[in-house]
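This report describes the structure shown below for a reader meeting it for the first time.

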Amino acid sequence: MRVIVRLLKEIRYIKGLFLLAVTVFVLAIISGQLSPLLLQRVIDGPLTKLGKGLAFNQADFLRQLGFYLVLVTLGAGFSYVATRLLMHCANKIAELMRNRAYETMQRLPISYFDDKPAGKIATRIVNDTETLRTQFYGMLVHIFTNILRVAFVYGIIFFLNPILGAVLLILLPAFYGLQVIYKRLPDKPMKDFYDARSEVNTQVNEIMNGASLIQLYRQEEAVLAEFDQTATKMKDADNRIIWAMSIASWPLSEFVKNMLVTAILTIVGMQFLSGHSALSAGRLFVYLNYVINLFDLMGMLVRQLPNIHRSVETGQRVLDLLDQEVEADADANLEVKEGNVVFDHVEFAYE
């Protein structure tokens, strides 16, 4: 949790742009989620009268339909602008962290590099900051916006039908349990994948720098075998990730959603056939629209939230590099007036 809090604090560098993006996105949610209510008026008004053979008010129909189209267009426009702004925020934060990591590396003492391969340090600056951009800040954008959507949809459902809203609250613990399964299963293979990827980067870097020595001592086959072993570890970890994610997969929530929609349609249909239905076609459309929307949003959260937790280890590695103590005299001018070098019990060895 401490790592997540520190990563969230990085938003302070672009807080003005971030607040603007959030404001625009709230407008997008309001426009997008209120549009089905306008469509309900079109269905229960002019279209219902037309279906019953009553006088059709074309002007009223076109006016209400126009309001609906304007609201949908505004929602799509606000959503596009907000998404672009939020993703720009994620890119900017990753850029700032990458630049700081590179600057820190330039000022580290030489002893820091004694037991750390160059490939792993390069992975921190290049791969890990990019992973934070996509898996943490980029995914944080989608999670944040989806949570806002879920809260807004629940608010509308409770306003329309408090009983239905209370029943749908059951989805919260159900989807939380699914999210726990979806998170825990891929955790170990995900860690193995990133470790193997770091090893691959290290080996590539060492092979490129030591190509002449490898050829001089005819170690091509040995180096190739070692690289093939590491690449196989990376592939096997990726296969285990795919297997784990397929267990807690998207079709499970799709199945539950379709069963609930079927139950609603069955109950309403039976009431209509018995002549006791008090639910209009427009209201039924609204209920189904928000229920399906709620399932889709919570299903996406199930898949997105684990990525935040998995990126914690990546964030920890980047923060560890940023927290390294740099040389205080890195910018100072070195003046040697008098020197005396003595070798006493000097030893050398590779770790």
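The model is a predicted one, and the chain contains 10 helices and zero strands. Its radius of gyration is 29 Å, well over the 20 Å that the globule rule gives for 351 residues, so the chain is more spread out than a compact globule. Along the principal axes, its C-alpha atoms fill a box of roughly 105 × 45 × 35 Å.

Of the 351 residues, 36% are buried. The accessible surface of the chain amounts to about 21,400 Å², with 63% belonging to carbon and sulfur atoms. Among contacts with a separation of 6 or more, 87% join residues 24 or more positions apart.

Helix α4 covers residues 118-160. Its 43 residues should span 63 Å at 1.5 Å a residue, and the 60 Å between its end C-alpha atoms agrees with this. The helix α4 also has a kink of about 40°, centred on R124.

A search of the whole structure finds three aromatic pairs. Two of them are listed here.

| Pair | Centre to centre | Angle between planes | Arrangement |
|---|---|---|---|
| Y112 and F113 | 5.5 Å | 90° | edge-to-face |
| F136 and Y137 | 4.9 Å | 85° | edge-to-face |

Key: Residues numbered from 1 in each chain as written. Predicted model: local features only at pLDDT ≥ 70, side-chain atom pairs only at ≥ 80, totals over all residues. Heavy atoms only, no water. Phe/Tyr/Trp six-rings, centres within 6.5 Å; stacked < 30°, edge-to-face > 60°. Helix = DSSP H or I, 4+ residues; strand = E, 2+ residues; numbered from the N terminus. Expected span 1.5 Å × (residues − 1). Bend = angle between axes of the 7 residues up to and from the residue. Rg over C-alpha atoms; globule rule 2.2 N^0.38 Å. Buried < 20%, exposed > 50% of the residue type's maximum accessible area, 1.4 Å probe, protein only. Contact = heavy atoms within 4.5 Å. Areas by Shrake-Rupley, 256 points an atom, 1.4 Å probe, with all protein chains shown as cover.
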